[in-house]
Amino acid sequence: MNERPKVLVVYYTQTGQLKRIIDHVLAPLENKADITFEQLVPVTPFPFPWGKQQFYDTMPETVQATPRDIEPLKVDVNAHFDLVILAYQPWFLSPSQPTAAFLQSNAAKQLLKGKQVVTLLGSRNMWLNAQEKVKSYLHQAGASLAGNIVLVDKSPNLVSLITVLRWAFKGKKEATRFLPPAGVQEKEILTASRFAGPIANALAKQQWEELHPQLLSLESVELLPNLVILESKGIKAFRFWAKFISAKGGPGAASRQGRVTMYRGLLLVGIFVLSPISLVTSLIQLNLKKKQLQQEVDYYKGIALRSNA
Ligand SMILES: Cc1cc2nc3c(=O)[nH]c(=O)nc-3n(C[C@H](O)[C@H](O)[C@H](O)COP(=O)(O)O)c2cc1C
């Protein structure tokens, strides 16, 4: 090929963590591809650090996929790209609002039609339902998902929950005496450049079938079976609360704050009581339904979309 392959990176980030991940993944490609960055910008920005009530008030529209608008894209939606990297983060087990706003836009539908896409996530550790939603948006836009890379915070589930909330509410990412730093471990970010090799090969050959298996062999997606169970319980509860809260008014409406406060309280009880219980039930399920759960894990590690999703 005479010309360098063209890569578009579409992303949103609040703290800059995801942009650092992108930069590490793409560093080895710098001289091998023309890379264009498109940062998604909400018309009204989401705050960081978050007010607690505002944080929980953002759940219903995130789960129901009725996001806040984003500014028009800068990129020419008819331009040629060999690969689109969609870098995003889950919010409330769903794609973050700016990501959903992008994927629902006509611009995205034009831009993504017929394109190869690699998804790149920077998350705490609960991203399965968000990725299912993204797979289905990509399918509707006529794009092909060619690979998935997921960076997670590898601390124990409750530890990462406490540190991510402290980060979100106080802006404090650093370690304290008792807690590790919030977010994806530095080592995971620094070693993410290992994924560039398979991406460069696929771009050079314009062959995409081997990309995801090669990424997987480099541990691009690691998944604990108990998180499959925890997430499927969590998303059902979120859908219920999203409906219950939004029945009282739109984002920030005074009329729904009573219900948002109820949800805040119950969520914390749910997490600190239910998540250890779910760990135990999942260990039981793990043994009783080992094969079925393993099939679920394999499915979520893959890039296929279930026909009923
Ligand atoms: C409102 C909100 C909800 C979040 N919900 C989840 C979640 O459901 N699952 C998860 O793994 N991480 C969740 N996170 C963590 C983010 O996915 C992400 O890792 C973190 O916010 C840093 O991302 P950024 O700085 O690149 O935007 C949430 C963060 C925020 C701000």
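Because the model is predicted, local features are considered at pLDDT of at least 70 and side-chain atom pairs at pLDDT 80 or more, whereas totals for chains, interfaces and linings use all residues. Residues are numbered from 1 along each chain as its sequence is written.

The secondary structure of the protein comprises 13 helices and seven strands, where helices (H or I, at least four residues) and strands (E, at least two) are DSSP runs numbered from the N terminus. The radius of gyration of the protein is 19 Å, which agrees with the value near 19 Å for a compact globule of 309 residues; this radius is taken over C-alpha atoms, and the globule rule is 2.2 Å times the number of residues to the power 0.38. Along the principal axes, the C-alpha atoms fill a box of roughly 60 × 45 × 45 Å. Of the 309 residues, 38% are buried; a residue counts as buried if 20 or more other C-beta atoms lie within 10 Å of its own, as exposed if 12 or fewer do, and as partly exposed in between, with C-beta atoms placed from the backbone.

The protein is divided into domain 1 (6–222) and domain 2 (226–297), with bounds from an automatic or database domain assignment. Their centres, taken over C-alpha atoms, are separated by 22 Å. Contacts (C-beta atoms, placed from the backbone, within 7 Å) link 17 residues of domain 1 with 19 residues of domain 2. On the side of domain 1 that touches domain 2, α2 (52–57), α3 (59–63), α6 (128–140) and α7 each supply at least two residues, and α3 provides the largest share, four residues. The residues of this side divide into ten nonpolar, five polar and two charged; Ala, Val, Leu, Ile, Met, Phe, Trp, Tyr, Cys and Pro count as nonpolar, Asp, Glu, Lys and Arg as charged, and the others, Gly among them, as polar.

The largest nonpolar core contains 68 residues, of which Tyr11, Ile22, Ile85, Ala87, Val117 and Leu120 touch the most other members. Such a core is a set of buried Ala, Val, Leu, Ile, Met, Phe, Trp, Tyr and Cys residues joined through C-beta atoms within 7 Å. Apart from residues up to four places away in sequence, Ile85 touches Val7, Val9, Val118 and Leu120.

The shell around the ligand consists of 20 residues, with Thr15, Leu18, Gln89, Ser123 and Arg124 coming nearest; a residue is near if its C-beta atom, placed from the backbone, lies within 6 Å. At least two shell residues come from each of α1 (17–26), β4 (90–91) and α7 (157–170). The shell divides into ten nonpolar, nine polar and one charged residue. Ser123 is placed in the loop between β6 (116–122) and α6 and is buried, with 24 other C-beta atoms within 10 Å. Beyond its neighbours within four places in sequence, Ser123 is in contact with Gln89, Pro90, Val150 and Val152.

Most residues other than glycine have a negative phi, and most peptide bonds are trans. A cis peptide bond, with omega about -5 degrees, joins Phe48 and Pro49. Phi is positive at Ala65, near 55 degrees, and at Phe92, about 50 degrees.

Terms used:
Two residues are in contact if their C-beta atoms, placed from the backbone, lie within 7 Å.
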